[in-house]
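Welcome! Here is a friendly tour of an assembly of several chains, taken one topic at a time. Please have a look at the structure first.

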Amino acid sequence: MIPDADEAITRDGKALILAYDHGIEHGPVDFEPNPETADPERVFDLATHDAVTALAVGKGVAEAYYPSYDDDVSLLAKLNGTSNLWMGEPDSAVNWSVEYAAELGADAIGFTLYGGSNNEVEMAEEFRDAQEAAREHDMGVVMWSYPRGQGLKNDTSPGTIAYATRLGLELGADIAKVKYPGSPEAMAEAARMAGPAKVVMSGGSKADDRAFLETVASAIEGGANGLAVGRNVFQRENPVEILDALEAVIFEEASVEEALEHTSTPAVADD
Amino acid sequence: MIPDADEAITRDGKALILAYDHGIEHGPVDFEPNPETADPERVFDLATHDAVTALAVGKGVAEAYYPSYDDDVSLLAKLNGTSNLWMGEPDSAVNWSVEYAAELGADAIGFTLYGGSNNEVEMAEEFRDAQEAAREHDMGVVMWSYPRGQGLKNDTSPGTIAYATRLGLELGADIAKVKYPGSPEAMAEAARMAGPAKVVMSGGSKADDRAFLETVASAIEGGANGLAVGRNVFQRENPVEILDALEAVIFEEASVEEALEHTSTPAVADD
Amino acid sequence: MIPDADEAITRDGKALILAYDHGIEHGPVDFEPNPETADPERVFDLATHDAVTALAVGKGVAEAYYPSYDDDVSLLAKLNGTSNLWMGEPDSAVNWSVEYAAELGADAIGFTLYGGSNNEVEMAEEFRDAQEAAREHDMGVVMWSYPRGQGLKNDTSPGTIAYATRLGLELGADIAKVKYPGSPEAMAEAARMAGPAKVVMSGGSKADDRAFLETVASAIEGGANGLAVGRNVFQRENPVEILDALEAVIFEEASVEEALEHTSTPAVADD
Amino acid sequence: MIPDADEAITRDGKALILAYDHGIEHGPVDFEPNPETADPERVFDLATHDAVTALAVGKGVAEAYYPSYDDDVSLLAKLNGTSNLWMGEPDSAVNWSVEYAAELGADAIGFTLYGGSNNEVEMAEEFRDAQEAAREHDMGVVMWSYPRGQGLKNDTSPGTIAYATRLGLELGADIAKVKYPGSPEAMAEAARMAGPAKVVMSGGSKADDRAFLETVASAIEGGANGLAVGRNVFQRENPVEILDALEAVIFEEASVEEALEHTSTPAVADD
Amino acid sequence: MIPDADEAITRDGKALILAYDHGIEHGPVDFEPNPETADPERVFDLATHDAVTALAVGKGVAEAYYPSYDDDVSLLAKLNGTSNLWMGEPDSAVNWSVEYAAELGADAIGFTLYGGSNNEVEMAEEFRDAQEAAREHDMGVVMWSYPRGQGLKNDTSPGTIAYATRLGLELGADIAKVKYPGSPEAMAEAARMAGPAKVVMSGGSKADDRAFLETVASAIEGGANGLAVGRNVFQRENPVEILDALEAVIFEEASVEEALEHTSTPAVADD
C-alpha cells in the first residue's frame, strides 16, 4: 500500500468502481435481466457518470472500447479471471500482463486472490509479480480478496472478511475489495484491519433499491471507502438513477432516504 | 479485440477460413475420403481461391509451403494443437511461437481454448502470451473457443456457445471460432455476446452440399461473420465447387438455392 | 553465511528482531489481545526502541510505513508467507521480490523454509534465488528454519532444532531463526551446529514476563545470539517495558531478576 | 519442414543415421553382445564410413569425441533421452540445449516425441523450443516420433506409424524416425503422410543379415528415405560389412542378394 | 566429458575428494562420532592435506570459509542437496547457482542425479543447465550418480553402478561418483562404461582402517580414478593418518599393508 497510489481511481479518498468482468466470470447469464448490457459500450457510457471513479474490465473489452473513453473513464485493468465452466479448486487465470495494461492506458490493476484455495500460494505469487510491475508503472493496485476453497465454510463471516482486508494490506494492495461481512460493526473491523489501505464492498447480486442502498450506507458508515458494483447497476432498468443515488450515499453523506429520491423507489413517507 | 486487427484475414468484414490442421488433431484418417488431400500443396492451391480469406495450418506445413504462396494466401498460424493419441483431460500443446510465426509471414494467429477443461487456466495464460505477442506484430487473433472437459455434457448448447464467443471477446480475440449452436437464433445470440468481435462457425464433419450450405446460410443469417471449414471442403470430390458456393452464401448474399448452382447438387425445382 | 553481512540488523553480534508478519500468517486474531496493535504504526514506533535491531514486516506494510521510519528502524523484509486459511502441506508464497525489497531500503531479507514439508525442495530453491539476490544487494539473510510437515511429529526436539540451524548455515543464511528446543543445552548444541551463523530464538505465543524472560535468558546462556519476538512484545499492555527488559537480558548480560525491574512484574524478594 | 534443411545429414536425399544413444536409453546391456562397442571411439570410427550420413549421440559423448571427428562425421545431436531406470509414464529429459549443440558443431538435432503419453503436451512444447532454436542455427531437425503410453496397444500399427510421420511434418521436423509398420505398403502410406518431410526407419533390435536387409529394402521400396540404425550395426561382429551392405541397399539401389555379397552371409544360390 | 576439464580437482588423473555436505544431507547426527567436525574450519584444514584434490561443500559453508582457503584448497561446489527430513520420492534441491559458485571461486561443480526416481527427468534437466553453465566458466563437472527410487531394489548391483557411470559420461560429467559395486571386477566394468570420464568411489559410512583401505585399493585396482570420502575421514580420531594412508593407496601405488603403516592400525605381521 502506497499512499495516493490509488488517486487516479478514487475521489476524496472514496471509490465507486463499476465492475464489468461478468462476461468472463459468469457468462452471458448475467446480461439476461437487461440484455442490452451485453454491449460493453453501454457500460462504458455508464462509467462516464461522475459517480464512477473507475471501470473494471478485462483485456479484450478494454482493447475495443477504452481508446474512445480514455479521457472520461479511469481504467481498472482486471488482470485475472476464469470462466465458471471451470470445475477445479478456485483459481483464476492471469489473462492480461501489467505491461500491456499500461500500454492501453490503465490507471490501476485489479487482481483476485482466493485465500484458502489450494491455489492460494500460486495466486499470491502471481499477485506479487503484478503488484510490483504495477509499481513500476505508477498504477494503483486493487485486490479482489475473496477467501474461498476447501476449509472455508462461510466466506463472509466477520473474521474471514477481516482477514481478507488484512491480506490486502500485507501483500501490497492499495484497495481491498471484499464481500459485505453482515454488519456495519464487522465492516468497521475489516476496515480497521486494512490499516491505511482502502476497503470497498463488493456489490453482489441484484437487490432492490432500498435494500441495496441500505447495505452500502451501512458499509460506508462502518468505514468502507466505497463500493465496487456491477449487477446492482447494469441489471437495473435505470442504472443512471442508482448511480445518482450511490453518489449521494458514498460521496455526499446523504441518508438512504435522501438517496432514494434519485430513484423511482418511493422514499418512506415521513409520518 | 482491436478493430481492423483482422483485416488481413477478412474481406468486407467477413471470413472464410480454410482450416487444415487435421493432420495433427485427427491424423491421417481425415484424408481417407480424398487421399490426395494428404498433400498440403493441394490445400494451399485451394486456399488461393478468391473465397478463402485465410488458411490455417501448423508450423511444419507452413515452413514447407508458405514461402511459395505468400503472395496469394493469408496465413493464419494455428499455434497450438495436440494429437488425438492424447488421452488426458483436453489440452493443446503450443507448437509454434508467435515470433517464429511472424518471421514466416503469418497474418494472424489461431489458438484453441478449452473452457471448462482442467487445463483451462493454463491454456488461458498461454493464450495471453500469444495474444499479446500477436499485438506486437500487428497480427490478428482467432480463438478456437471450444468448451470441453469435465462438467460439460453438451458443448454445442446455445448457452455454452454464447459463453464461448464472449470468452473470445473478453480475453482479446478478434474472431471467435465456435461450433454451430443449433439454430440461427442461438447463433445470433452468440454473435451478440461477442460484441465487436467477429464470430465464425466451425465447419465440422462432412455433410451433403445442401445440408452444409443451409447450416452456413443460417449461421450467416444469425449474424455469424463467416466460416472456418476443413473437411467440408477438402473431403469433397470437387472442393472448388463448394468454395464457389460458399463464396456466394458468405460474401454475395446468395440464397442456398442460388449457391447450389455452383455445385453438382441439383437445386430444388421451382414448382 | 558471510561474516558481517548481518551487521545492519545486529548490535555487538546480537539481534533483537521485532517480528510483525502476524497479519498474514495468523490474521487479525493475533491483534485481539491488544487491538491497537493492528495499526502498524504502533509497531513501527516500538521498533525505534534502542533494543530493537530490526523490524520484520511484509511488503505492503513496508510500502506504507517504512519511508517514514527508515532513519530509525532497520528493515528485515519478510519475503514469503501464507495465510492460515491455507489447508495444504506447509508452504509459503514468495510475496516480495528481493529487488523491490532493496528498492524500499531493506537491510536484510527473511525467508521461511519448512524442512521436511513436501514443499521443501521448492522452498529451498526459492530460498536460493532470494539468498543470491540478497548478496548482490549486500543484504543480510535470515532463515525462519521451521521443520514441519509429514513425518515430523515434534518440531521442537533438540535434534530437529539442531538440524534446522545447520540448514541455515549450509544453505547460506547469516542468521537462523528457530523455536526454542527446550533447554539451554539443546540451544547450545543448535548454536554450535550453526557454526559461524547466528541463531535467534523465536518468541512464540505470549507467556508471562518471568517465564518469557527466563526462556530468553536460558537461550542466550545456551549460545543463542538473540531473539525474534512478536506477540510477546506487542500483545502486552506495556510493550516498552518488556523491550527494556529484553535489552537488559540480551545486550547487557543482566539476570532475569534485574531485567524484571524494568517491568511491572515484581522481582522475587531476596530473603 | 524446410527443404534442404537436412542436407548436412543426408546424401542424395537419403539418410543412414548411425544411432548411439543406447548408453542412456538402455544402459550397458546393449554393449554386451560386442563389449568393445561400449567405447564410443569405435562407433565414431564406424561413423566415418561413407555410408553413414550422420551420427546421433548424446552431449557427453559428443563433448569427448566430436572435436576429433568433426571433419569426417556429421553430428546429429540427440537432445533428449532418459534412462530405462525411469518407471513413470513415457518421458524424456532434455539433456542438451540447442545452443550448446551448435557450439559443439552439430549439424542437426534429434528429439524424441512420445505421442499419446501423458507427457505428450510437455514434450511437444519442448520440441517447439528446440525446433525453433535449430532454425536459428540452420540445423536440421529429426524427430524420433514414437507413439507410446496409455491407450496405445500396438505402437507399430500402420495407422499409428502414419500418424507418427504426419506429426513430424506438422510439428516442423525435416525427418521423422519411426518404427517399421510391418509392410512396404504401410511404410509407403507413412511416407506419403509425411509429405515433403523425409522418413527413416528405426533399426530396432538385432536381426540376422538377410532378415534385416530385407526389412530395410522393403522400407526403402515403400518410400522410406533411409535408416537410423544402432544395434544392428554395432552389435555385429563385423559392422563394416553391414554398413557396406546398407550402403548398397539405400544409396545404390542394390537388391538384397547383391547387398549380401558384402557380408559373410551367403546369398541364395541362383538355381 | 571434456578432457582435462577436471584438472583443477585431480592430480595425475586421480582424485581424492573430501566431501562435507553431511550437514545438509544427514544433519548433525553425522558429527556425533567426532563432535568437533561440526566445525567446518576443521574440515577445511584437513582439505589442505596434500592428498586432497578437492573439497565438496555447500554454498553457505563455502561463503563463510572458502575465502580463507582459496590458495590451498580446490573448491568443488556441491550445488544440490536435500535434508533427510524430506519424505518424498528421492529429490534434491538446487541450492546454489553455477554463477554464484564461480563468483566464489569454485573449480568444479558437484550435482546429484537420482536415476530411476520419479524426479529423474526433472533432475536431469537441472543437471543440463548446471553442466552447460559450468562449461561457460571452465569448471569441471562431477555427478553424484545414485540410482534410487521406485523399482530399484539394490542400488549397488554391478549393473546399476555400471549404468550410473555411463549416465555420467552420456550426460556430460567429467567424473562420476558412485557407490562401490561389490567387487574389483564390477568396478572395472563400471569404469569401462564411463569411457574417458573418470570414476570415483563413494566412501560411505565409516569402516575400520583395514577394511576401508582394502575396499579403496580394490576399487583403484578395478580402475576407479579415486575416492570421494567424508565420514571415513572426519569421523576418525586421527583423520590426517587416514589421509596419509589414502594418499599412499591412490597416488603412490602402495599396498594396503604399506598404507596401514600411516595409521595406528598394525599391519599384518610378515611371518
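Chain A brings 34 residues to the contact and chain B brings 30 residues, where contact means heavy atoms within 4.5 Å.

Before going on, please note that this is a predicted model, in which local features need pLDDT of at least 70 and side-chain atom pairs count only at pLDDT 80 or more, while totals for chains, interfaces and linings use all residues. Residues are numbered from 1 along each chain as its sequence is written, chains are lettered from A and ligands numbered from 1 in the order in which they are written, and side-chain values use heavy atoms, with hydrogens and water left out.

Which side chains meet in a salt bridge between chain A and chain B? A:E63 and B:R135 do, at 2.7 Å from N to O.

On the side of chain A that touches chain B, the elements giving two or more residues are α1 (22-25), α3 (59-69) and β5 (93-94) of chain A. Helices (H or I, at least four residues) and strands (E, at least two) are DSSP runs numbered from the N terminus. The largest share, six residues, comes from α3(A). By class, this side of chain A has 17 nonpolar, twelve polar and five charged residues. Ala, Val, Leu, Ile, Met, Phe, Trp, Tyr, Cys and Pro count as nonpolar, Asp, Glu, Lys and Arg as charged, and the others, Gly among them, as polar.

## Where chain E meets chain D

Now to another pair. Here 30 residues of chain E are in contact with 34 residues of chain D. The two chains bury about 2600 Å² between them, with 59% of it on carbon and sulfur atoms. One salt bridge joins D:E63 and E:R135, at 2.7 Å from N to O.

The side of chain E that touches chain D gets two or more residues from each of α5 (120-136), α6 (158-171) and α7 (184-193) of chain E. Of these, α5(E) gives the largest share, eight residues.

## Symmetry and chains that stay apart

How is chain A superposed on chain B? A rotation of 72° with 0.0 Å of shift along its axis does it (RMSD 0.0 Å), using least squares on the C-alpha atoms of residues with pLDDT of at least 70 in both copies. That is the relation of a five-fold axis. The C-alpha of A:E122 is the one in chain A nearest the axis, 11 Å from it.

Chain A and chain E do not touch, and their nearest C-alpha atoms are 19 Å apart.

## A site from the record

The unreviewed UniProt entry places the feature "active site" at A:Y146 and A:K177. UniProt positions are in the numbering used here, feature names are shortened, and annotations may be inferred rather than shown by experiment.

Definitions and conventions: Buried area is the accessible area (1.4 Å probe) that two parts lose on being put together, summed over both. A salt bridge is a side-chain nitrogen of Lys or Arg within 4 Å of a carboxyl oxygen of Asp or Glu.
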